[in-house]
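Q: Hi! Could you walk me through this structure, a piece at a time?
A: Happy to, let's have a look together.

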Amino acid sequence: MDFLKYAKENEKEFFEDLDTLVRIESTRDLSTKEENAPFGKGPRKALDAMLHMAERDGFRTEDVDGYAGIVTYGDQPETLGILGHLDIVPIGQDWTKEPLKVTLNDGYAFGRGVLDDKGPALAAYYALKIIKEHNVPLKKRIMLITGCDEESGMECMKYYKEHAEIPQMGFVPDANFPVIYGEKGGAHVSLHSSDHTVIKKLDAGERPNIVIGKADCYVETISEEQKKLFDFFCRTNDVKGTCEKTDEGICLHIDGTFAHAAMPYDGVNAALLLLNFVGSAYNDPLAADLYSMLKDWQGKPVHINKEGAYMGFLTMSTGIVRMSHEHTDILIDIRYPNDMDAKEIMEGFDQACAEKKSNIHATLDSDSAPLFVDPDSKLVTELMNVYRKHTKDDFSCAMTIGGGTYARIFDNFVSFGPELPNEEKTTDQFVGGPHQRDEGVKIDDLMQAIAIYADAIVALAG
């Protein structure tokens, strides 16, 4: 079947449905948590919208207590699962497009979630919808599962595993093509200190999986010489900075660059720059020690730098900083290859803390082991064949990534698209990636993803 033809015939309806989902600000908000809305009203509303679409199109649906939803096609005993998520990261700042609607412009779709992950999840749904409408015979029951808390720890899928049926195999449309057979382990490490600092308040970062793109640091005083140093510091680091007197004290502000924590090298961490400046310009030992530990995205100063045989470099990103005169808490997001483990990471942090004059101690807040599926397995090879059939790309190979997806929650699952390798940009506009401003995706890529996912379902379940 020509699934790409059918995908394009459904393009208008697809983007209408995607706009419905994108208009819902489905960030986790526990202040609006209630029964059957464990992550707040936004994720609950997005889940309702997704299930309503499926019911409209004649699918069976199930609401797993507001943690996730299941769209089912068929009644066979064997199952194929597709996992997507409906929650989003916070909107962020500096958008040039409206974040809570789909904007189609110059061949691209913009809006928070069009790429991560409402757009890809809906692409998988439309693939299943096309299969249903054309009565394509399948030997397995398809379970399209959409969760509501992927961006904040995947509590939704942990709950799902305990309360609902687990598919026997499947894929996750929430990463890159061709096939992601491995994902780095994910650890959250916190640094704590009660040492005095001249910093009155540094409250930066919303989520650990986002590089801190903007930060304000309040100090009691600043001399003319320190003002000149701050201006020089910002210019030499090629960032925008301001220094203003406020009711809370002197506010030092830096605009860095937001990025996904799995790719900290794509961002500029504004909070770390402020620690660097305060540590040097104010001779603040704690700020200086913290910056010296956290400045390198590969973790060399804390003795955890590692290049894995399959998964490449460990990455380290400072995601949340909470500091006052006598209290410091910092949360660090670490993605590590399957050549090491959390014990080795904590040994490195403990050694680095002991080497500093400041009294800093580290704790392991959470750890998720790496995902690794045999790259020669039927699941991986079948998906690779489907990808190559549609893209004619015989060069790109199955790979591993630093991002964490739902694939790591279930056995025999891999991530599969929708971002293409070596994608050529066809617009002069800025197109943001996941967690960035002006998040966008090429319209043709989403249409092609629908076709690829439909063929993948047939290959694995037909």
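**A tour by question**

Q: Where is Ser377?
A: Ser377 sits in the loop between strand S22 (371–372) and helix H10. Helices (H or I, at least four residues) and strands (E, at least two) are DSSP runs, numbered from the N terminus.

Q: What should I know about the model itself?
A: This is a predicted model, where local features need pLDDT of at least 70, side-chain atom pairs count only at pLDDT 80 or more, and totals for chains, interfaces and linings use all residues. Residues are numbered from 1 along each chain as its sequence is written, and side-chain values use heavy atoms, with hydrogens and water left out.

Q: Back to Ser377: buried or exposed?
A: Ser377 counts as buried, because its relative accessibility is 16%. Buried means under 20% relative accessible area, exposed over 50%, and partly exposed in between (1.4 Å probe, protein chains only).

Q: How far is Ser377 from Pro90?
A: Their C-alpha atoms are separated by 37 Å, and the two residues are 287 residues apart along the chain.

Q: What about Ser190 and Asp365, how far apart are they?
A: Ser190 and Asp365 are 175 residues apart in sequence, but 6.7 Å apart in space, C-alpha to C-alpha. The side chains of Ser190 and Asp365 also make a polar contact at 2.4 Å. A polar contact is a pair of N or O atoms within 3.5 Å; within protein, one must be able to donate a hydrogen and the other to accept it, and residues adjacent in sequence count only if both atoms are side-chain atoms.

Q: Where does Ser190 sit, and what does it touch?
A: Ser190 is in strand S10 (residues 185–193), and counts as buried at 7% relative accessibility. Not counting residues up to four places away in sequence, Ser190 touches Ile330, Leu331, His361, Ala362, Thr363 and Asp365. Contact here means heavy atoms within 4.5 Å.

Q: New topic, helices! How do H2 and H3 cross?
A: The axes of H2 (residues 11–22) and H3 (residues 41–56) come within 9 Å and cross at roughly 150°. H2 is therefore roughly antiparallel to H3. Axes are lines fitted to C-alpha atoms, for helices over the stretch in contact, and angles run from 0 to 180 degrees between N-to-C directions. Angles under 35 degrees count as roughly parallel, over 145 as roughly antiparallel, 65 to 115 as roughly perpendicular and the rest as oblique.

Q: Which residues meet there?
A: From H2 there are Glu13, Asp17, Thr20 and Leu21, and they meet Ala46, Ala49, Met50, Met53 and Arg56 in H3. The residues of this contact divide into 5 nonpolar, 1 polar and 3 charged. In that count, Ala, Val, Leu, Ile, Met, Phe, Trp, Tyr, Cys and Pro are nonpolar, Asp, Glu, Lys and Arg are charged, and the others, Gly among them, are polar.

Q: What is the span of H3?
A: With 16 residues, H3 reaches 22 Å from its first C-alpha to its last, close to the 22 Å expected at 1.5 Å a residue. The expected span is 1.5 Å times one less than the number of residues.

Q: What do the buried residues of H3 pack against?
A: They pack against H2, strand S1 (60–64), strand S2 (68–73), helix H4 (118–133) and strand S6 (141–147). The buried residues of H3 include Leu47, Leu51 and Ala54.

Q: And what covers the buried residues of H2?
A: The cover includes H3, strand S4 (103–105), S5, H4 and helix H11 (443–461). Among the buried residues of H2 are Phe14, Phe15 and Leu18.

Q: Where are the cis peptide bonds you can show me?
A: One joins Asp116 and Asp117, with omega about 0°. Another runs from Gly417 to Pro418, with omega near 10°. Asp117 is in the loop between strand S5 (108–110) and H4, while Pro418 lies in strand S25 (residues 418–419).

Q: Last one: what is phi for Lys392 and His435?
A: Phi is near 60° for Lys392 and near 75° for His435. Most residues other than glycine have a negative phi. Lys392 counts as exposed at 65% relative accessibility, whereas His435 is buried at 4% relative accessible area.
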